[in-house]
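Student: Could you walk me through this structure, starting with the whole chain and then going into some details?
Tutor: Gladly; here it is.

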Amino acid sequence: MANYLVAMEAAWLVRDVEAIDDAIGVAVSEAGKRLNSENMEYVEVEVGATGCPACGEPFDSAFIAAETALVGLALEMDVFNADSEEHASRIAKSEIGGALRDVPLSVVEIFELDDDED
């Protein structure tokens, strides 16, 4: 059994918004509220980053069209005593997906934690 850090991304829709910063704030806040209401304060939520196709520099993962924003959120969760990376991935998707119903999720990366990082 090992411990893992599972990094995921979520696609969050924000309606009736005009500015990127407002959309990001609403998305992070709403996701945090839903996770906290399920006693999942241990899940880290922040805006994701997308690489610029021209220069490769990262920028906030958010796009607005017709006053509707799609914000990419980065979620991180520690999973303890998992049998494998795949098992840790399934646990994280089940836990986070249960709190964030109807929100598309995908696992981005999985890192095995050293014993001293517990």
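Predicted model: local features only at pLDDT ≥ 70, side-chain atom pairs only at ≥ 80, totals over all residues.

Tutor: Residues are numbered from 1 along each chain as its sequence is written, and side-chain values use heavy atoms, with hydrogens and water left out.

Student: How many helices and strands does the chain have?
Tutor: There are two helices and seven strands, and along the sequence they follow the pattern β-α-β-β-β-β-β-α-β. Both kinds are DSSP runs numbered from the N terminus, with helices (H or I) of at least four residues and strands (E) of at least two.

Student: And what share of the residues counts as buried?
Tutor: Of the 118 residues, 34% count as buried, where buried means under 20% relative accessible area, exposed means over 50%, and partly exposed lies in between (1.4 Å probe, protein chains only).

Student: Switching topic, where is Ser61 found?
Tutor: Ser61 is in the loop between strand 4 (58-60) and strand 5 (62-65), and it counts as buried because its relative accessibility is 17%.

Student: What does the side chain of Ser61 make a polar contact with?
Tutor: The partner is the side chain of Thr50, at 2.9 Å; a polar contact is a pair of N or O atoms within 3.5 Å, and within protein one must be able to donate a hydrogen and the other to accept it, while residues adjacent in sequence count only if both atoms are side-chain atoms.

Student: Okay, now Glu30: which helix is it in?
Tutor: Glu30 belongs to helix 1 (residues 20-37), and it counts as partly exposed because its relative accessibility is 35%. Its side chain makes a polar contact with the side chain of Trp12 (2.9 Å).

Student: How far is Glu30 from Val14?
Tutor: Their C-alpha atoms are separated by 9.5 Å, and the two residues are 16 apart along the chain.
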